[in-house]
Amino acid sequence: MADVAMPRLSDSMEEGTILKWLKSDGDEVKRGEELVEIETDKANMTYEADSDGVLSIVAKEGDTLPVGETIARLGEGSEGDGGGGGEDEEPAAEEKQEPDAEEESGDEEPEEEPAAEEGDEDSSGNGKPSETPEPAPAEAQSSSGNGDGDGDGGRVKASPVAKRMAREMGVELAQIEGSGPGGRIVKADVEAAAKGGTATAEAEAPAQEEQAPATEEKKKDVPAPVAAPETDGKSGRGDVTHQDLTRLQQTVARRMAESKATAPDFLLNVEVDMEEAVEFRKQLKAAAGEQPAPSFNDFVIKASALALRDFPRANGAYRDGKFELYSRVNVGVAVAGQDALVVPTVFDADSKSLGQIARESRVVAERVRAGAITPPELSSGTFTVSNLGMFGIKRFVAVINPPQAAILAVGALEPRPVVRDGEVSVRSIMELTLSCDHRILYGADAAEFLARIREYLEQPLKLAL
């Protein structure tokens with residue numbers, strides 16, 4: 001009976017939750033059929049059976065198990081050599097041959113005799129192998145590899161493919177420890193033995209001895225394994241504590257998983273020359289006096305809002321096979337809150353001045369950090385801006401905030417050498433990365449939309465109109 005382990009369905013997955021069994025206990029399962037729906041750290045995914053068999057469910061729906069833990073078993077008669085992944089192509093016949101060694105040998109020998117390259121007929125036509133008085137070395141090895149005896153009258157259990165490979169590679173089955181069900185030798189065991197030089201026929205012993213020095217020399221170059229630190233036997237990660245998610249964290253986790261699972265996203269990236277924006281902000285700071293001047297992120301919010309007005313589909317969503325287009329332009333601003341990412345909204349950002357946007361964005365950011373933000377202030381966003389430039393991040397990819405059509409990731413503003421009119425000069429450059437839902441925003445439309453944002457930022461006086 002082959003075990004079905006909790007699969008690793010993503011690089012970061014450490015455990016999974018059984019959401020729904022798509023087959024019932026006792027059902028006949030064919031390789032490639034959908035077996036179970038599993039919730040991972042990224043999305044809900046369906047896992048397919050990798051072998052045939054009768055399903056015996058171990059883990060119930062709702063159970064959470066680590067990767068590698070047994071969730072089900074596939075019964076005998078269908079799993080071949082214990083889940084070897086299709087390595088033996090005659091599994092059904094082999095299983096029926098187990099009780100009788102003579103019968104097993106008789107069924108398989110006629111098919112495999114050409115590998116021995118003998119001119120004499122090996123079968124007497126009654127299903128039993130004929131005996132040859134003085135077998136050649138290859139035949140002697142083949143005879144021992146058939147699993148009829150191991151020197152003590154015992155029987156070596158091996159699959160047909162394993163037996164054939166043993167003869168071809170000169171490996172003695174009696175000296176191999178099988179990894180299949182009941183200790184049966186399978187294809188992988190023979191390959192491992194052949195690579196490691198576990199056993200060969202006497203006829204090939206001289207060649208093996210010639211290769212031994214090289215093998216020993218190779219072994220000397222292999223470093224010794226690093227001893228793992230002592231643990232309590234449960235985990236190599238030390239003491240493990242579990243922390244429950246807040247309702248907000250649960251919502252963020254659910255929405256981000258929903259976004260990655262449902263939105264076919266694509267990315268666009270541009271560099272923006274912010275040299276004129278830097279000069280324009282200096283003038284605004286001088287004019288603002290004691291009042292805080294708009295930040296570069298406020299510039300991005302305003303530029304995005306104006307571009308959204310020019311490209312209505314970017315200010316929409318894909319829902320139930322239809323486009324939703326919104327008349328108001330409400331830009332969400334991603335803010336790092338109390339152990340969660342919160343997105344308060346600047347409403348009607350396209351019709352507000354830079355000063356108003358600056359004041360409102362500061363107020364909602366402070367309310368997020370104080371834990372005083374209210375649900376209405378987090379609702380009705382039509383587009384989102386996420387800025388990590390203050391942490392020195394040049395560029396990054398933000399996850400779309402569903403059901404919005406896109407999200408803009410803003411990188412650091414920094415001086416870089418650029419070519420202008422054939423000459424190299426140092427300019428203030430900022431990178432923007434737009435993540436788009438391809439169901440509503442197509443490549444050309446998204447490229448024009450992002451280019452319009454860049455145009456507003458590179459000509460900042462348009463933001464004041």
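So, D437: leaving out residues up to four places away in sequence, D437 touches A263, P264, Y318, I400 and A405, where a contact means heavy atoms within 4.5 Å. D437 sits in strand β18, residues 423-437; strands here are DSSP E runs of at least two residues, helices are H or I runs of at least four, and both are numbered from the N terminus. Is D437 buried or exposed? With 3% relative accessibility, D437 counts as buried. By that I mean under 20% relative accessible area, with exposed being over 50% and partly exposed in between, using a 1.4 Å probe and protein chains only.

Keep in mind that this is a predicted model, where local features need pLDDT of at least 70, side-chain atom pairs count only at pLDDT 80 or more, and totals for chains, interfaces and linings use all residues. Residues are numbered from 1 along each chain as its sequence is written, and side-chain values use heavy atoms, with hydrogens and water left out.

How confident is the predictor? pLDDT is its confidence in each residue, from 0 to 100. The protein's mean is 78, and 73% of its residues reach 70 or more. Over residues 78-153, though, pLDDT stays under 50, and the model has 101 contacts beyond four places in sequence for them. Residues 198-210 are also below 50, with 16 contacts beyond near neighbours in sequence.

Now helix α4, residues 160-169. Because 7 of its 10 residues are buried, α4 is largely enclosed by the rest of the structure. Among the buried ones are P160, K163 and R167.

Conventions:
pLDDT is the predictor's confidence in each residue, from 0 to 100.
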